[in-house]
Amino acid sequence: MLFSILPPAAREIGLSPFQVSIIFATSASIWVFVSPMWGRRSDVAGRRTVILIGLLGYALSMTLLATTIEIGIRGLLAPLVVYPLMIASRCVFALVGSGTGPASQAYVADRTSRAERTAGVALVSAAMGLGETIGPGVGAALAAIDLLAPIYFAAALAVVSAITIWQYLPEERPPVHHQATRPPRMRVGDRRVLPFLMVSTSLQATRATTVITLAFFLQDTLQLNAQQTVQYSGLGFVVLAVAGLFAQLVIVQRFRPTARWMMRTGVALMLTAFCLFIVGPSFAVYLAALTGLGLGLGLVRPGAAAAASLAVQPEEQGSVAGMISGVAVIGNVFGPMLGTKLYEVARIGPYILNAAIMAAVLVLVFRSKQVRSLRV
């Protein structure tokens, strides 16, 4: 919802596409350092506790962001004041909300065997995909009432989710006492997981570049107004999410492919999708590209995460989940900033960049020894 609403809302305030990218890039920069800490913390405090903290932090962040945007649109404060407040509101999500992802992945890793790991991690991604599927559709409907209503709704939904988890999610693995056992700290250069970190970082960079420029791309290419932009981009995000959901819930759960196959096939699909964005002249072609992109993301994201989880020991699951979540977000820092700058030069510039990145990653997943050695 946020990626389809923030661009037209920012233009109402008077912000440029590059300024919008800075909002996400600043938050992502903080995420890189904080998410691994939350992953290790979940080994001590428990997975459920960290998931709850993250959800409530997300709710607070979205509430602050929506309120700040509303102040800016109404002209109660100058854009010079509103803009840093928007950045600060989003940074709350990075500081607190970044714990939900790694804690959730580690929760699943605690409860699955090696043979079940890929399908289990895919279910976590599928849960995210379900939200991404429902979110843009609900957002487009609520935006017809008020542009910021979807953001307030997302904040309320996060609180409801936190209450539900508090009541019903079992914490079967007791926290480790911090004085008896210190959760292991992983290094970025750990050869066991380095290729998978590179794949995840590239994935985040291309995905973030796409979602942050898509609304601008559709608005400028198809000559849409603000209301139409929310609706068209909302539909595009639904297609993207549904395709990812299909990959995770149908392809992965039914056929149980190896993590190696998922990464190789998914990267190839993503490369094809970005080529369609470059040559496509119509919204129908863009929807086809988003379908391929969604399928690719739905395969690569859980494939890389499962591969990293399989490469380490049980006591390192929180650390590797936090590392994957944190390092991958580096792509969210540089991808959108470079992509929006390229967009100012040419509308297809970001998609040429993404195609080049995926071409390089395709070579990596076929040549890497760590990827070739995967058997589950």
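Residues are numbered from 1 along each chain as its sequence is written, and side-chain values use heavy atoms, with hydrogens and water left out. Because the model is predicted, local features need pLDDT of at least 70 and side-chain atom pairs count only at pLDDT 80 or more, whereas totals for chains, interfaces and linings use all residues.

The chain contains 15 helices and zero strands, where helices (H or I, at least four residues) and strands (E, at least two) are DSSP runs numbered from the N terminus. For 376 residues, a compact globule would have a radius of gyration near 21 Å, and the value of 20 Å for the chain agrees with this. The radius is taken over C-alpha atoms, and the globule rule is 2.2 Å times the number of residues to the power 0.38. The C-alpha trace spans about 55 × 40 × 35 Å along its principal axes. Of the contacts (heavy atoms within 4.5 Å) with a separation of 6 or more, 86% are between residues 24 or more positions apart.

Buried residues account for 55% of the 376 residues; buried means under 20% relative accessible area, exposed over 50%, and partly exposed in between, with a 1.4 Å probe and protein chains only. The accessible surface amounts to about 15,500 Å², and 67% of this belongs to carbon and sulfur atoms. Accessible areas come from the Shrake-Rupley method with a 1.4 Å probe; for residues, only the protein chains shown count as cover.

Rings of Phe, Tyr and Trp (its six-membered ring) were paired if their centres lie within 6.5 Å, with planes under 30 degrees apart counted as stacked, over 60 as edge-to-face and the rest as tilted. By this rule there are eight aromatic pairs. In one of them, phenylalanine 217 and tyrosine 351 are edge-to-face, at 5.1 Å centre to centre and 65° between the planes. This pair links distant parts of the chain, as phenylalanine 217 lies in helix α8 (residues 194-222) and tyrosine 351 in helix α14 (residues 349-367), 134 residues apart. Phenylalanine 217 is buried, with a relative accessible area of 2%, and tyrosine 351 is buried at 0%.

Tyrosine 232 and phenylalanine 283 form a tilted pair, with 5.0 Å centre to centre and 50° between the planes. Tyrosine 232 belongs to helix α9 (residues 226-255) and phenylalanine 283 to helix α11 (residues 283-310), 51 residues apart. Tyrosine 232 is partly exposed at 32% relative accessibility, whereas phenylalanine 283 is buried at 17%. Ring pairs also link Phe217, Phe277, Tyr286 and Tyr351 into a cluster.
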